[in-house]
Every structure is written in structure tokens, then in C-alpha cells.
Amino acid sequence: MKNVWDEHYLKNKSKLSFPDENLIRMLSRVNPPNKQALDFGSGSGRHIPLLLSHGFQVSASDSSIESVAQIKELSLPVTLHHTHSLPYPFSKGQFGLIVSWGVFHYNTKDLAKSMLVSLMDSLAPGGYLLGSIRANTDTHLKINGGKMNLADLQGGYAETYSEEDLRNFLKPFSEVEIGYSERTPLGRLEERICHWFFQAKK
């Protein structure tokens, strides 16, 4: 049976082609200890070409089998994993860089913490986690009791994070820098799509 994310990645609107501009900027700021990168929660695979262009050997993973299947069809030089549950199939200290863009907030905060601990274990000393997470100022997801009320993600789970929540979440890292972005959907100026984005060094 397909989950909400399998259904989501069957829709044309989910097939994003271009990397997030904040991630592009952040990549120019870091110097990872090795050239192994993981795109964790890779979705449509939009960040894989960006990582490849920076000279990384790329692994990609997603909890959606549909996402993994679609990335496979792109025929990119990438190692694919279907990471539908813990434990993850990565080696200790394997990656110099992990990208997790818009992933953690689609899980309970307890599960997100367990995911973070596992990913941090697979990050090399001095490695970086670059990510984004939904801010508590967001109104677009229309979250009610943890459930989203968007047509294409109806019933899917999500939580939002305050700045304090995020700083507590990233406490295991030695260095953390945080940014914030806010935009509106076209024609719906009353709504807010809000994210924290962050750079965390092990």
C-alpha cells in the first residue's frame, strides 16, 4: 500500500528540477573532510546534480519507494537507498556532507531526534549537515493535531519548530548557524510558507 509520499511523487507538481537557492549558497561556505555526500530525503532528486557538480560521490535515500524509483530512472551516478525505517544502512563516519532538505519536520520530534542521531553517527568528524525544517510561523501546511490539510498531502504528518526547538534539536553539533526564509504561494498572500535552514558542523 502506498503512503502519502508515494502518492505525492506520482504527481507532476512534485517533480522539482532545480536546487534550493539557500543550499547553493551554503555549499559554497563549507569545506567537508571528504567528498562523500548523502542526500537524505532526496525526493525528486533535485539536489543530486548540484552535489555531483561540486565533485561529490553521492548517495541518495528516501522513505518513499516511488521517489527512489524515479531517481533511478534519471540514470545519475548515485548510490540509492530506500530508508523507510531505522537503522539506516550507512557506515560510521562515511560522509563528509549530509543534506536533509525539508525532511525532519515530517516526522514526530522523537523520531526526528533518532534520525538525527543516526545521521550524525554516519557523518565524519568535521563533517557538515545542511538542512531545512518547517518554522512555527508557517500557515501553509494547515497542521491540525500533527496532520496536514493540504490537498496533495492530506493526512500526512508534520510538526513545526521554533528557533529554540531547532537549536535544542541541533545541540549535539559543535557549530550551528541558522537562517530563515518566508514566502507566500502565488495568489494567496494571506498564507506563509516558512522554513529555518541551517548549517551544523560535527
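Me: What do β4, α5 and β5 make together?
Reply: Strand β4, helix α5 (residues 109–121) and β5 form a right-handed β-α-β unit. Right-handed means that, with the strands pointing away from the viewer, the path from the first strand over the helix to the second runs clockwise. Helices (H or I, at least four residues) and strands (E, at least two) are DSSP runs, numbered from the N terminus. This is a predicted model, in which local features need pLDDT of at least 70, side-chain atom pairs count only at pLDDT 80 or more, and totals for chains, interfaces and linings use all residues. Residues are numbered from 1 along each chain as its sequence is written, and side-chain values use heavy atoms, leaving out hydrogens and water.

Me: Which strands are joined to β4?
Reply: Strand β1 (residues 36–40) runs parallel to β4 and is joined to it by three bridges; Asp39 has Val99 in β4 as its bridge partner. Six bridges join β4 to β5 (residues 123–134), also parallel, and Ser100 stands opposite Gly131 in β5. Two strands pair if DSSP finds at least two bridges between them.

Me: New topic: what does Phe169 touch?
Reply: Leaving out residues up to four places away in sequence, Phe169 touches Phe104, Ala112, Lys113, Leu116, Ile133 and Tyr161 (contact means heavy atoms within 4.5 Å).

Me: And what follows α4?
Reply: Helix α4 is followed by Ser75, whose phi is positive, near 55°.
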